[in-house]
Amino acid sequence: MKKTQITLMSTALIAAGATAIGTATTAQADTTDQASNNATTGQVQIAKTSQAELDGNIKNAQATVKDAKDKAGQAQAAADTAKTAASQSANQAATAQTTATKAQTALSTAKTNEANAQQVADSATDDAISQAQDAVTNQQDQNQQLTQTVDTAKTDVAKAGDRVTSAQSTVDQTNTDATQANQKVADAQAKVDHAQDVVDGKDAAAAQQNLAKVQQDLSQAQTNVNQATDATKQTSQAVSDAQTKVATAQTNLDTANQAQNAAQKNVDTAQQAQSNAQQALDNAQSQGQENSNQIHVDNGYINVLKSLSAVRFKSAANGGPSSENYQHTLELVATSAEANANANPDYVSIPEYQAIKITSREDLKKHMHELNVYAQQLINSLRNQFKTPTVEISAGSEKFGQDIGDAYTNNNWDLNNGHDYKTNKNVAIQNGLSQLSNQDIGQGYLNSDDNGTWSFTLDDFMKDIYDNIKIMMFNDGDHEWGHAISFAGVDNGLDVGEGEWFGLGLGEFNPDGDYYGIPNTDDMFTFTTLFNITNKYEIQDASKFDTIPIESNTVSADQIKQLENDLASKKSATDTAKTALATATSNVTKAQQSLNTANTNLATAKQQQASAKTALTNAQAAVKAATAAVATAQKAVDENSASDATKQQALSDAKAALSAAQAVQAQKQSALNAAKAKLATAQQALDQAKAELASAEAALKAGKADLANKVAHLDTLTHADSNLAAAKQAVADAQTAYDQAVQALNAAQTTADSDAATYQQLQQAVTTAKQALAVAKAKLNQLLQTKALNDAIDSANRETAKSDAAQDDQVNNTEQVVANENQVASKLANTTANGNTVTLKPHHALTAEQATTLQRRKAAMAAATTKSTNTLPQTDEATGRTASVLGLMMIGLVGLLGVTKHRKRV
């Protein structure tokens with residue numbers, strides 16, 4: 001008999017199988033038949049239907065989680081805002097508490113002041129005020145007396161100081177006299193000693209020798225003086241020469257510094273001019289630049305056109321028309337105009353203007369201001385070259401110009417008829433003018449196609465303006481250059497008054513028949529370009545003609561070029577100035593070096609001069625000393641050569657002089673002692689006077705303090721009522737402030753409490769929202785786990801179906817375990833587990849309770865998969881087929897159904 005081995009699925013699959021067990025009403029001991037396979041197929045279908053519902057539940061759960069996250073985030077944001085508000089209101093409440101505390105302290109202080117003021121008011125009787133006034137008066141009298149005492153004491157101190165000063169002067173003088181007397185006594189004693197030596201004959205030989213020596217010293221000293229005198233003269237001359245060189249060097253340095261300063265100023269001026277030029281260029285370049293197509297004229301053309309204008313309204317006798325001079329001038333203008341025409345190129349289209357399409361009259365109106373500005377720039381550029389007044393454009397002049405253009409359109413005016421003076425007049429009156437001052441017209445430079453299609457660009461109209469002005473400036477001989485004169489502003493026949501306004505007009509002309517040999521259709525048209533100029537004196541009604549100039553925000557290419565040339569010129573001037581400054585600075589350096597050298601030489605010369613003068617002074621002093629020494633030595637020799645009687649008389653005279661000096665010395669010392677005693681007495685008197693002054697000043701200070709207190713007391717009594725009223729008002733104000741502070745505190749505290757409660761509520765809402773989010777996440781996780789289980793079961797079912805199909809022909813000699821009504825069975829017979837043989841016992845029918853339990857589980861079961869081996873392997877085979885069975889399903893089968901019958905087929 002063959003046995004099969006049972007292989008249980010993993011623990012994870014066992015756990016998963018707990019939710020997917022179905023019911024089993026009966027157990028089949030036989031092998032699985034076709035009916036079992038059909039039942040299994042039906043159960044798989046049910047599992048798929050449950051999977052669709054599960055996906056829907058997962059989607060709903062995910063939406064619930066997202067909603068819970070949003071609500072939790074919103075709740076947290078609201079709680080954070082509430083927390084901030086609660087913190088702010090708590091701080092405000094704390095501030096209000098501080099304010100209330102301060103207000104309470106101020107109220108207490110005010111009440112104390114009120115009580116004090118009340119006491120003072122109660123004591124402020126007439127008698128008390130009178131007594132206080134008397135006290136003030138008495139104290140004032142006392143202070144006056146004390147002031148007099150202080151003044152007297154100050155006088156006494158000053159007098160005592162003068163006496164001390166006088167006594168000190170006397171002491172100083174007597175001390176000087178005593179010192180001199182002492183010196184005279186010493187000198188007299190020296191003479192006595194010398195006279196005694198002479199009498200005794202002690203110095204006779206020495207005196208003679210000393211005389212010879214000092215005479216020799218005197219001769220040498222005189223020689224030294226002569227040499228020093230010569231050296232002094234030489235050094236003095238050297239100093240004079242050095243001073244001259246210093247003065248010259250200083251002059252040169254001053255001149256160099258002046259040149260450097262001038263060069264620096266030139267550099268500063270040049271750099272400022274360069275900076276200004278750079279700024280002007282930068283400013284110009286930062287603005288919009290005008291159309292680069294400009295018209296230029298040379299000086300020759302300017303001069304001959306001006307000459308023509310000057311005589312065109314004069315008589316023939318004065319060089320006017322029909323005169324030979326006039327004709328000659330016309331020829332000069334024509335020749336110069338031709339040269340200038342060749343020098344000015346044809347209009348070069350500008351892509352940015354070409355990109356702007358004009359397909360209707362309305363489009364054209366939108367760009368009329370740009371066209372007015374370009375025409376104005378061309379005219380003013382010419383006038384700047386001719387140095388004539390420029391024209392302005394204004395809202396009034398632009399309107400007037402186009403009104404004329406529209407009128408010419410309405411009249412379909414043919415320029416072959418000249419100017420439409422009547423229309424010009426009528427339009428001028430309509431715009432508040434007496435008439436049109438000046439008008440230049442061109443026609444036929446810009447045409448439509450044969451169908452009259454508006455297919456133009458802004459560049460076309462720019463070119464039309466350029467071509468008209470260029471033609472009238474350089475090809476106007478048929479009109480004796482009247483248009484050129486008009487554009488150039490050199491028409492001496494017109495009074496331009498205080499200003500001219502320009503307005504461009506663009507009219508349309510539809511010619512009949514051919515137009516200058518060009519076949520014409522009924523729709524084809526050409527533009528009439530009208531350059532209209534109005535003088536100020538033509539304005540009759542200012543309300544109809546706005547004269548406020550419209551400032552241009554563009555810069556001409558000529559201006560840019562001029563600014564660039566100006567900047568280049570300024571840069572060149574700066575470079576030149578810097579070069580000059582460098583040269584000047586170098587000259588200053590050289591001059592300073594020369595001055596330094598000259599000063600050094602002067603200092604050396606002065607030092608040498610000083611040394612020479614010192615040497616001369618010393619030599620002269622030596623001569624003087626030597627001369628005195630010779631005289632003294634000669635006297636000594638003479639004394640020693642005198643008779644004994646003469647020597648004795650000299651000794652007696654010396655002794656008498658000593659006695660006289662000693663008598664004078666005694667007198668001077670006695671006078672000194674008396675002066676010192678007088679000084680001590682004067683100093684003692686001064687000290688006493690200072691002490692009395694200090695005492696008087698202290699008494700006066702105390703009196704002033706008493707007076708201030710008494711005056712304050714009197715003022716308090718006098719103003720007791722007003723002070724009391726003020727104190728009461730202060731109490732009232734403090735009470736009001738305190739009440740307001742308390743009210744503000746209560747309000748702030750209420751707000752703080754409310755905000756704190758709101759925060760707590762919102763924080764609780766956050767907790768609730770987070771809990772709801774956790775629940776939603778848990779439910780989603782559960783559904784996702786269930787989906788994973790269903791996916792595993794579906795996969796197992798598919799493998800089981802494959803296995804069952806392969807084993808349909810091998811059902812003999814097998815043992816089966818019927819698991820449930822899906823007929824998923826595993827063949828269990830004499831199964832060996834861990835080396836032991838397990839024999840399953842026959843099962844019993846399900847009880848009602850077991851059937852109900854299995855029925856409930858069926859609803860949660862997606863699939864139960866068992867890999868079943870239909871043909872059990874032989875016991876003597878080394879290996880056998882295994883059946884994979886849901887672990888928990890096995891537990892369910894064994895637990896609910898009991899053991900399965902053991903059947904055999906032979």
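How many nonpolar, polar and charged residues are there in the lining of the second largest pocket? I shall answer that in a moment, after noting that the structure before you is a predicted model.

By class, that lining holds 10 polar residues, seven nonpolar and three charged. In all, 20 residues line the second largest pocket, and the space within it amounts to about 450 Å³. Lying nearest the centre of the pocket are Leu415, Ile441, Gly442, His479 and His483. As for secondary structure, two or more lining residues are given by strand E4, residues 438–447, and by helix H12, residues 458–474. Strand E4 supplies the largest share of the lining, with four residues.

Helix H5 covers residues 299–311 and helix H6 covers residues 324–343. Their axes lie 9 Å apart, and the two helices pack at an angle of about 150°. Angles over 145 degrees count as roughly antiparallel, and H5 is therefore roughly antiparallel to H6. The crossing of this pair is left-handed. On the H5 side, the contact is made by Gly300, Tyr301, Val304, Leu305, Ser307, Leu308 and Val311. Helix H6 contributes Tyr326, Thr329, Leu330, Leu332, Val333, Ser336, Ala337 and Asn340. Sorted by class, the residues of this contact comprise 10 nonpolar and five polar, with no charged residue.

The second pair is H10 and H11. Helix H10 runs through residues 395–411 and helix H11 through residues 421–430. Here the axes come within 10 Å and cross at roughly 135°.

The residues of the contact divide into six nonpolar, three polar and one charged.

To close, I set the two pairs side by side. The contact of H5 with H6 has no charged residue, while the contact of H10 with H11 has one.

How values were computed:
Residues are numbered from 1 along each chain as its sequence is written. This is a predicted model: local features need pLDDT of at least 70, side-chain atom pairs count only at pLDDT 80 or more; totals for chains, interfaces and linings use all residues. Side-chain values use heavy atoms; hydrogens and water are left out. Axes are lines fitted to C-alpha atoms, for helices over the stretch in contact, and angles run from 0 to 180 degrees between N-to-C directions. Angles under 35 degrees count as roughly parallel, over 145 as roughly antiparallel, 65 to 115 as roughly perpendicular and the rest as oblique. A crossing is left-handed if the near helix is turned anticlockwise from the far one by less than a right angle, and right-handed if clockwise. Contact means heavy atoms within 4.5 Å. Ala, Val, Leu, Ile, Met, Phe, Trp, Tyr, Cys and Pro count as nonpolar, Asp, Glu, Lys and Arg as charged, and the others, Gly among them, as polar. On a 1 Å grid over the protein atoms alone, a cavity is a set of points where a 1.4 Å probe fits but cannot get out, and a pocket is an open set with protein on both sides within 12 Å along at least five of seven lines; lining residues have an atom within 4 Å of a point. Grid points are joined across faces, edges and corners, and a volume is the space filled by probe spheres set on the points.
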